Amino acid sequence: MKIKYVLFDFDGVIANTEESNAEYLKKALKIHGIALNDEDRKVLIGTSDRSRLRKILSRDGISITMEEFADTRKKVGNTYENSDIHPLPGLIPMILWLRKNGIKTAIATSTTTKLIIVALNRMGMSSMFDAVVCGDMCTESKPSPQIYQKAMEYLSAVPEECVVIEDSAPGIHAGKAANAYVIAYCGSGIKQDIHEADFSAVTYEECREKLKELII
């Protein structure tokens, strides 16, 4: 079946936010005397699973509620509202090419709606997507397929018509569990487990060439 829809993760796929997100989180944790290590960074990439953050907050005998930490995060700031955020190289030309060829596009991300809308507005990309599904619109986070299934529902798409572009292991698993073809985008510079993906690309030029094969 010919591909008619391309669904994008946001962090590490639309914009290279992962390192910046980790730095803001590190600052917020430091206020409470908690250090963020490399293993913490790895388990938090690609998911909004609150249980993982909860474990970090209760480490070393220090216990902070999620509500207390949310207040700290607001004071510290975030990548989407406060940093110099840009779309990844080659992304916008590829999206414009997709839309010119009648392919609908969507975002399916674990990040909250407010932050994604702010980021899209700041980058001038709000009109480039037919649907936007965020973590606070779902009851389950990646690696659950729910976010991608909801995006497909909004697009009136069947999984066999969809390509998912992801960068993280939880996101790739979510895309595969939703029965989509998954491209692992590896251009953000963070090495991740992509073994479940159907194809991998370091640049959006490579993504575009693969999409040509799937669309035409």
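These notebook entries record what I looked up about aromatic rings in this predicted model.

**Entry 1: aromatic pairs.** I began with the rings that pair with one another. A pair of aromatic rings is described by the distance of the centres and the angle of the planes.

**Entry 2: Phe 8 and Phe 129.** I noted that these two rings are 6.1 Å apart, centre to centre, with 80° between their planes. The pair is edge-to-face, because planes over 60 degrees apart count as such. I then asked where each residue lies in the chain. Phe 8 belongs to strand 1 (residues 5-8), while Phe 129 is in the loop between helix 7 (113-123) and strand 3 (131-133). The pair therefore ties together parts that are 121 residues apart in sequence. Are the two residues buried or exposed? Phe 8 is buried, at 0% relative accessibility, and Phe 129 is buried with a relative accessible area of 9%.

**Entry 3: Tyr 185 and Tyr 204.** I recorded this pair as stacked, with 4.3 Å between the centres and 10° between the planes. The pair links distant parts of the chain, 19 residues apart: Tyr 185 is in strand 5 (residues 181-185) and Tyr 204 in helix 10 (residues 204-215). I found both Tyr 185 and Tyr 204 to be buried.

**Entry 4: charges over rings.** Lastly, I looked up lysines placed over aromatic rings. Lys 27 lies over the face of Tyr 24, at 5.3 Å from the ring centre. Lys 210 has its charged end over the ring of Phe 199, 4.8 Å from the centre of that ring.

How values were computed. Residues numbered from 1 in each chain as written. Predicted model: local features only at pLDDT ≥ 70, side-chain atom pairs only at ≥ 80, totals over all residues. Heavy atoms only, no water. Phe/Tyr/Trp six-rings, centres within 6.5 Å; stacked < 30°, edge-to-face > 60°. Helix = DSSP H or I, 4+ residues; strand = E, 2+ residues; numbered from the N terminus. Buried < 20%, exposed > 50% of the residue type's maximum accessible area, 1.4 Å probe, protein only. Lys NZ or Arg CZ within 6 Å of the ring centre and 35° of its normal.
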